[in-house]
Amino acid sequence: MASASFDTARRERRADPSSLDAIEKAPEVRPEAMAATGRTSLVGLTRFALTERLAAIGVPEREQRMRSGQLWHWINVRGAASFEAMTNVGKGLKAQLAEAYTLDRPEVVSEQVSRDGTRKWLLRMPPTGRHDHNRGAEIECVYIPANDRGTLCVSSQVGCTLTCSFCHTGTQRLVRNLSAQEITAQLVVARDRLGDWPGQTPPKGTFVPVDGSRFVSNIVFMGMGEPLYNVDNVIDAIGVMSDHEGLGLSRRRITVSTSGVVPHFERLGIDANAMLAISLHAVRDDLRDELVPLNRKYPIRTLLDACRNYPGVSNARRITFEYVMLKGVNDSDAEARELVRLLKGIPAKINLIPFNPWPGSRYECSDWERIERFSEIVFNAGYASPVRTPRGRDILAACGQLKSETEKLRARARLMLEDGIGAEGVYAAAADD
Ligand code: SAH
Ligand code: SF4
């Protein structure tokens, strides 16, 4: 209850942005590589960065390509967690590597498993300096298993600078970009936890695909953050995750979801060749301005024109349009018909997402009959219109519910301070969760 009133209060304060500046609540910050001191990890680096690390410890130029190829294989194909395991790397180099670097992954602070097999991990990234006050940062990452695929929902930022009115992540205060390494490391952690490296088996009771697919077969950038506000790192991370001689995911199984940062569509299409998903959520600018404030910069028409021009878009590579179902807000028959009209001529899939409530949210999810009726109109117009089954709701792992524990704790701490309760109370409350 307490955190509900806190969040509501924050919502009210930012609900009425009167200028474009109010769309983003904090300046973007970029982390400087990984930890500023001590040994840094080689996990999740691009090939280029890995070669640079070898040069930095004096590996001669003529050997760098071969050595970085070996390391790349151990890290990304075998999932090696120690240099010791690298049988084809000489003793001397192994010792040198261990002195300068680690193969550490981000720390798994907690793992929650939903009744439906969805897993949510809270990961702590090492400090990057002043951007995270030298405290490191926490992000969430969610694994959603099905019979024929395993989808990992990754974060691209800590929090989000945008303030979509229905999204929990948008209320988080600490915001910074994740590095390409930090983005990729989420996949490495998932493979560790699921036993998804060669020769491993999943821990007992873990729900993974049953059709022989890799346990993580798909990636969606639908966790915390706006991926296209961190486009360089997202493109680099996609490069590492899709390397055929490495982590090996198909680019067609990597989907980047954006609230509509139009100027970066072209780069994403050309440099990452990833699938695009658009968080549309409304068919009129006045309503979309309210739900997705970035619409004031890139209104619906501009957004849809950019979709028509998305590199590589075709019937085989359709753009997904996400539409969150908000009771009495955007869910009428007329809006369903308008949605179909707007998307005419764009190779599109429409994904209806039942709104996932979070403490303090001011919307309700549309009734099931309403969602079915909306879906029927869309379907009759020729679109497959799957309603995304909410997964992991019991562990707040569903779309738009991600917000790191420290933030929640901080919010609670503030409330309790306001209520005159001391720190002991805060920890007691956290332990109850
Ligand atoms: N920032 C990107 C990607 C992360 S959000 C984006 O906005 O597209 C991933 C998806 O979850 C988006 O479609 C977003 O609109 C949706 N979403 C956010 N909050 C939600 C909520 N409470 N319930 C359902 N979907 C939500
Ligand atoms: Fe950010 Fe996406 Fe949430 Fe909007 S919906 S606040 S863009 S994470």
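Ala, Val, Leu, Ile, Met, Phe, Trp, Tyr, Cys and Pro are counted here as nonpolar, Asp, Glu, Lys and Arg as charged, and the others, Gly among them, as polar. By this classification, the shell around ligand 2 has four nonpolar, seven polar and one charged residues. Of the twelve residues around ligand 2, those that come nearest are C160, C164, C167, G170 and S259; a residue is near a molecule or strand if its C-beta atom, placed from the backbone, lies within 6 Å of it. The structure is a predicted model, in which local features need pLDDT of at least 70 and side-chain atom pairs count only at pLDDT 80 or more, whereas totals for chains, interfaces and linings use all residues. Residues are numbered from 1 along each chain as its sequence is written, while chains are lettered from A and ligands numbered from 1 in the order in which they are written.

Helices (H or I, at least four residues) and strands (E, at least two) are DSSP runs numbered from the N terminus, and two strands pair if DSSP finds at least two bridges between them.

Within the sheet, strand β5 (residues 137-145) is mostly covered, with nine of its nine residues buried. A residue is buried if 20 or more other C-beta atoms lie within 10 Å of its own, exposed if 12 or fewer, and partly exposed in between, with C-beta atoms placed from the backbone. From β5, A137, I139, C141, Y143 and P145 point one way and E138, E140, V142 and I144 the other way. Strand β4 (residues 119-125) pairs with β5 in the antiparallel sense over seven bridges, and K120 has V142 as its bridge partner in β5. Strands β5 and β6 also run antiparallel, joined by four bridges, and form a hairpin with four residues between them. In this pair, I144 stands opposite T151 of β6. The bridge partner of T151 in β9 is N218; β6 (residues 150-153) and β9 (residues 218-221) run parallel and are joined by three bridges.

Further along the sheet, strand β10 (residues 254-258) and β11 pair in the parallel sense over four bridges, with M275 in β11 as the bridge partner of T255. Strand β11 (residues 275-279) has five of its five residues buried. Both of its faces are covered, by M275, A277 and S279 on one side and L276 and I278 on the other.

The largest nonpolar core has 102 residues, and C141, L152, M241, L268 and L276 have the most contacts inside it. Such a core is a set of buried Ala, Val, Leu, Ile, Met, Phe, Trp, Tyr and Cys residues joined through C-beta atoms within 7 Å. Helix α5 (residues 180-194) gives the most to this core, with eight residues. Both domain 1 (44-102) and domain 2 (106-402) give residues to the core, so it lies between them; the domain bounds come from an automatic or database domain assignment.

Two loop residues were also examined. T118, in the loop between β3 and β4, counts as buried because it has 23 C-beta neighbours inside 10 Å. K204, in the loop between α5 and β9, counts as exposed, with 5 C-beta neighbours inside 10 Å.
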